[in-house]
Amino acid sequence: MWFLDTAREIRDDLDPGLKLVTTTICDSREGRKRWKRLLRERGWTPEFRVMGVRPGSPFAKTHKTKCALGACKYVTGPNMYVDYNGDVVPCCIHPKAFVMGNMLNQTYKEVRRSAARREAILAMKKDRAGMEICGKCRKE
Ligand code: SF4
């Protein structure tokens with residue numbers, strides 16, 4: 001719970017309007033209910049998703065994964081994913097695909113306008129197939 005509380009404190013200091021969302025894989029209805037209650041008490045919004053095959057995972061070898069082209073909606077859309085150390089990562093599919101900034105010393109707007117994010121979008125549009133992680137991801 002330390003991470004959730006600390007991240008909210010950082011958000012409150014740097015960008016109080018920012019919505020905090022977790023994305024969790026949880027198959028049990030009871031588990032989702034418990035997680036929702038726990039998160040909402042702490043000012044977070046819970047979301048859930050089904051298990052996906054991450055590029056580079058051992059499962060990727062047994063699943064045929066067709067790479068999508070261009071910049072994915074995770075990078076171009078309004079949401080950002082923040083790792084435990086404040087790093088702003090592109091998605092929860094493969095959080096280490098690249099880093100666009102850090103919420104410990106940047107605001108949401110600064111990360112959105114960062115050169116790192118612009119370069120990542122440009123690289124995806126230009127040659128996504130050539131990117132180590134995103135080039136193997138089917139997310140559009
Ligand atoms: S292409 Fe896939 S791995 Fe890359 S940022 Fe988008 S969702 Fe994440």
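Visitor: Where is the place of Pro95?
Guide: This is a predicted model. In it, the place of Pro95 is in the loop between S4 and S5.

Visitor: Is Pro95 buried, exposed or partly exposed?
Guide: Pro95 has 17 C-beta neighbours inside 10 Å. A buried residue would need 20 or more, and an exposed one 12 or fewer. The count for Pro95 therefore makes the residue partly exposed.

Visitor: Which residues is Pro95 in contact with, leaving aside its neighbours within four places in sequence?
Guide: Val82 is 13 residues from Pro95 in sequence, and their C-alpha atoms are 8.8 Å apart. With neighbours within four places left aside, the contacts of Pro95 are Tyr81, Asp83 and Val89.

Visitor: Which strands stand at the edges of the sheet?
Guide: The sheet is open and has three strands in the order S3-S4-S5, paired antiparallel. Strand S3 (81–82) and strand S5 (101–102) each have a single partner strand, so one side of each is left without a neighbour in the sheet. The edge strands are S3 and S5.

Visitor: What is the bridge partner of Asp87 in S5?
Guide: Strand S4 covers residues 87–89 and runs antiparallel to S5, with two bridges joining them. In S5, the partner of Asp87 is Asn102.

Visitor: Which residues of H5 are buried, and what do the buried residues pack against?
Guide: Helix H5 covers residues 115–127 and reaches 18 Å from its first C-alpha to its last, close to the 18 Å expected. Its buried residues are Arg117, Ala120 and Met124. They cover an arc of only 60° around the axis, which puts them on the same side of H5. The buried residues of H5 pack against helix H3 (73–76) and helix H4 (108–112).

Visitor: Which residues are exposed on the other side of H5?
Guide: An α-helix has 3.6 residues a turn, so residues three or four places apart point the same way. On the other side of H5, the exposed residues are Ala115, Arg118, Glu119, Leu122, Lys125, Lys126 and Asp127.

Visitor: How do the residues of the shell around the ligand divide?
Guide: The residues around the ligand include Cys72, Cys91, Cys134 and Cys137, as well as His94 and Lys139. The shell divides into 10 nonpolar, one polar and one charged.

Methods
Residues are numbered from 1 along each chain as its sequence is written. This is a predicted model: local features need pLDDT of at least 70, side-chain atom pairs count only at pLDDT 80 or more; totals for chains, interfaces and linings use all residues. A residue is near a molecule or strand if its C-beta atom, placed from the backbone, lies within 6 Å of it. Ala, Val, Leu, Ile, Met, Phe, Trp, Tyr, Cys and Pro count as nonpolar, Asp, Glu, Lys and Arg as charged, and the others, Gly among them, as polar. Two strands pair if DSSP finds at least two bridges between them. Helices (H or I, at least four residues) and strands (E, at least two) are DSSP runs, numbered from the N terminus. The expected span of a helix is 1.5 Å times one less than its number of residues. The arc is that of the directions from the helix axis to the C-beta atoms. Two residues are in contact if their C-beta atoms, placed from the backbone, lie within 7 Å.
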